[in-house]
Each structure stands twice: as C-alpha cells, then as structure tokens.
Amino acid sequence: MNILILQGSPNTDGSTALLCEQFARGASDAGHNVSRIDVAEIDFSPCTGCVTCGYGGPCALHDGFDGIRAQILASDMIVLATPLYYYGMTAQLKACIDRFCSANPSITGKRLDSALIAVAWNADSWTFDALEAHYDTLVRYLRWNDRGRILGKGCGTPSMTDRSRFMKEAYDLGRFL
Ligand SMILES: Cc1cc2nc3c(=O)[nH]c(=O)nc-3n(C[C@H](O)[C@H](O)[C@H](O)COP(=O)(O)O)c2cc1C
C-alpha cells in the first residue's frame, strides 16, 4: 500500500513526528511504502471559498497544495497526524484538508484507508473527544475506511512521548495494517 502521512505540527521533530516515525517504521517493516508531508513546511494558501472548483476541481489556486493533491491521489491510505491545539487539529492541517474541496470526488472515489495520530499535553479521558468526533465525521464524509488511531494523551513534550506506551502502539498500528 502507498501510505501518505499528513503531519500537521509545525514542530517537524516534535511529539507528533515521533509517533509518525514509529508508525512509518512499522508500516515499512510490513512492506508498505510510506511518505510524509509536513504540511506546515509547504507554501499553500487556505481555501478562499471562491468555489470556482464547484467542489470538484480544478482549483483556482496554484501553489504547494498541487503537489499534496497529487500525492493524495497516488495513495491508498491517508494518515492525519496532529498535536491537539485547543482541542482540535492544528490550523495548518485543517487548511490542508479544506483544500481537499477541489478534489472531493476524486478523493471520495478512491475509498482510501485512513488513520489518526494525535498527541496532547492533557491526559484526561475526554482529551480527544472533539478531535475524534471530527475525524469520525471526515471518515464518514470522505468515505474513508478507518484503520485505527493513536491518541497520545500526556504526550506534552518529545521526551514525555518517547517514554510513553504510544511509541509501541504507533509502531504496531503500522506493522499490523
Ligand atoms: C497553540 C497550542 C495549543 C495547544 N492546545 C492544547 C490543548 O487544547 N490540549 C492539550 O492537551 N494540549 C494542547 N497543546 C499542547 C500540545 O498539543 C502538545 O504539547 C503536543 O505534544 C505538541 O506536539 P508537537 O511536539 O508535535 O508539536 C497546545 C499547544 C499549543 C502550542
């Protein structure tokens, strides 16, 4: 399988990236081909809502999202990876997902597999409730097939994350896809 990780933290070597690396190692060990895009490093605009695309494309904007779109359409599985920012995904990852708009029929038509990787400082049981609800709704709307999620509560810094059980859980999610 071709797996694309959309990594939404501006810290490209932070906690989200650590769990992405574990997942990618597991998936590679299982024979999958894994790519990662650090979306905060890509120069693209937020959707302007012009709807020139008619929710189907082509997009009126031509920027760094062109490459992201091409990689999504060449993939079999998308992994959304994000630190929790005010109980949701980062603005960078959300801006990337908003740009799916111009490729909506192509993305839904692929019936992609998907997964969610998230980290947060908070360790309460409800930490990821809002993010999970959003992810589940995206899966439903985009006709994805959820293959699992790593919800790294209490992962406030890379050292906290590195010694957490979520490192192995992320590896296993990739290894046993
Ligand atoms: C702007 C901002 C908002 C945050 N909001 C939350 C939050 O709502 N809940 C929480 O538990 N942690 C929150 N955090 C903490 C991060 O989710 C946490 O430190 C995470 O490990 C950062 O991941 P990274 O190293 O991949 O960037 C926030 C951090 C920042 C910078």
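## Close-up views of the model

**View 1. Val51 lies in the loop between β2 and α2.** Helices (DSSP runs of H or I, at least four residues) and strands (runs of E, at least two) are numbered from the N terminus. Val51 has a positive phi of about 55°, although it is not a glycine. Pro58 is also placed in the loop between β2 (33-38) and α2 (65-73). The peptide bond from Gly57 to Pro58 is cis, with omega near 0°. This is a predicted model: local features need pLDDT of at least 70, side-chain atom pairs count only at pLDDT 80 or more, and totals for chains, interfaces and linings use all residues. Residues are numbered from 1 along each chain as its sequence is written, and side-chain values use heavy atoms, without hydrogens and water.

**View 2. The ligand sits in the largest pocket.** A molecule sits in a pocket or cavity if more than half of its atoms lie within 2 Å of its grid points. The grid has 1 Å spacing and covers the protein atoms alone; a pocket is an open set of points with protein on both sides within 12 Å along at least five of seven lines, a cavity is a set where a 1.4 Å probe fits but cannot get out, and lining residues have an atom within 4 Å of a point. The largest pocket has a volume of about 250 Å³. That volume is the space filled by probe spheres set on the points, which are joined across faces, edges and corners. The pocket is lined by 18 residues, and Pro83, Leu84, Val119, Ala120 and Trp121 are the closest to its centre. Its lining divides into 10 nonpolar, 8 polar and no charged residues. Here Ala, Val, Leu, Ile, Met, Phe, Trp, Tyr, Cys and Pro count as nonpolar, Asp, Glu, Lys and Arg as charged, and the others, Gly among them, as polar.

View 3. A side-chain N or O atom of Asn11 is 2.8 Å from a ligand oxygen. A backbone N or O atom of Gly156 lies 2.9 Å from a ligand oxygen. For a polar backbone atom of Trp121, the distance to a ligand oxygen is 3.2 Å. The protein covers 76% of the 640 Å² of accessible area (Shrake-Rupley method, 1.4 Å probe) that the ligand has on its own.

**View 4. The second largest pocket holds about 190 Å³ of space.** Its lining includes Tyr55, Lys94, Phe100, Asn104 and His134. Two or more of the lining residues come from each of α3 (91-98) and α5 (129-141). By class, the lining has 7 nonpolar, 2 polar and 2 charged residues.

**View 5. A search of the whole structure finds 1 cavity of 30 Å³ or more.** The largest cavity has about 100 Å³ of space. Among its lining residues are Cys47, Val51, Cys59, Asp98 and Arg99. The lining has 8 nonpolar, 2 polar and 2 charged residues.

Key. Polar contact = N/O pair within 3.5 Å; in protein donor to acceptor, adjacent residues only side chain to side chain.
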